[in-house]
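Below is a short briefing on one structure, written for reading beside the sequence and the coordinates.

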Amino acid sequence: SGLHSGTESVALIAGVAEALSITNQIKQKESERLTKIRDYGIKKLLSLSDASGYKILLNGSKEVRLPNNINISIKGISSELLVVELSAKGIYVSEKSACKSDDNNKSYVINAIRKICPKNGNEIEGSLRISLGRESTMYDMDVLYREIKNILSKYKAWK
């Protein structure tokens, strides 16, 4: 059945235990830091609605969400195009939830979020999932804002 007898690696087990201990010690502070960056990013990205002429919506609740997650939809532009354009600038985002990234179907996660937030409706096809991490900063949100603004300006003529 693919199982082999042997002694477990005590050093690896101890290493994992230490890593979990360190993570547990910093998780509250890191969650608070990421929440500030997330909220700053959401505010900036939603402000693009007025600046760009595109309707930009937050998918999901503004308050009840993971500290490291921003998920937006932009009406009138393909999320796949945005992913490609941002990737060319060294900014890596996704158009689906991580668990469905290799699936060609519409994201059931985004559809479920939109049912919770009916004001967003289903008139917008795609979404951008922006994940934050230990190295994320407010400056990163400024760069993301600037690049999305540039992309929307570039494609506005074809809207």
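Does Arg 146 count as buried, partly exposed or exposed? At 40% relative accessibility, Arg 146 counts as partly exposed, where buried means under 20% relative accessible area, exposed over 50%, and partly exposed in between (1.4 Å probe, protein chains only).

This is a predicted model, in which local features need pLDDT of at least 70 and side-chain atom pairs count only at pLDDT 80 or more, while totals for chains, interfaces and linings use all residues. Residues are numbered from 1 along each chain as its sequence is written, and side-chain values use heavy atoms, with hydrogens and water left out.

**Sheet and the helices packed on it**

- Three strands form an open antiparallel sheet in the order S1-S2-S3; helices (H or I, at least four residues) and strands (E, at least two) are DSSP runs numbered from the N terminus, and two strands pair if DSSP finds at least two bridges between them.
- Because S1 and S3 stand at the edges with a single partner strand each, one side of each is left without a neighbour in the sheet.
- The twist averages 25° from one strand to the next, with axes taken as lines fitted to C-alpha atoms (for helices over the stretch in contact) and angles running from 0 to 180 degrees between N-to-C directions.
- Four bridges join S2 to the antiparallel S3, and the bridge partner of Ile 70 in S3 is Ile 130.
- H4 packs on the sheet, touching S1, S2 and S3, and its direction makes about 15° with that of S2; H1 also lies across S1, S2 and S3, but runs at about 155° to S1.

**Nonpolar core**

- The largest nonpolar core has 28 residues, and those with the most contacts inside it are Ile 74 and Ile 148; such a core is a set of buried Ala, Val, Leu, Ile, Met, Phe, Trp, Tyr and Cys residues joined through side-chain atoms within 4.5 Å.
- At least two residues of this core come from each of H1 (10-52), S1 (55-58), S2 (69-75), H2 (79-88), S3 (128-131) and H4 (138-155), with the largest share, eight residues, supplied by H4.
- Apart from its neighbours within four places in sequence, Ile 148 is in contact (heavy atoms within 4.5 Å) with Leu 45, Leu 48, Ile 74, Leu 86 and Leu 128.

**Helix H1**

- H1 bends by about 50° at Lys 27, the bend being the angle between axes fitted to the seven residues ending at a position and the seven starting there.
- The buried residues of H1 include Glu 30, Arg 38, Gly 41 and Ser 52 as well as Leu 34 and Ile 37, and what covers the buried residues of this helix includes S1, S2, S3 and H4.
- H1 is followed by Gly 53, whose phi is positive, near 85°.

**Charged pairs**

- There are six salt bridges, counted where a side-chain nitrogen of Lys or Arg is within 4 Å of a carboxyl oxygen of Asp or Glu.
- Lys 44 forms a salt bridge with Asp 142, the closest N and O atoms being 3.5 Å apart; this pair links helix H1 to helix H4 across 98 residues.
- Glu 85 forms a salt bridge with Lys 154 at 2.9 Å between the closest N and O atoms; because Glu 85 lies in helix H2 and Lys 154 in helix H4, the pair ties together parts that are 69 residues apart in sequence.
- Arg 146 forms a salt bridge with Glu 147, at 3.4 Å between the closest N and O atoms, and Glu 147 is buried, with a relative accessible area of 9%.
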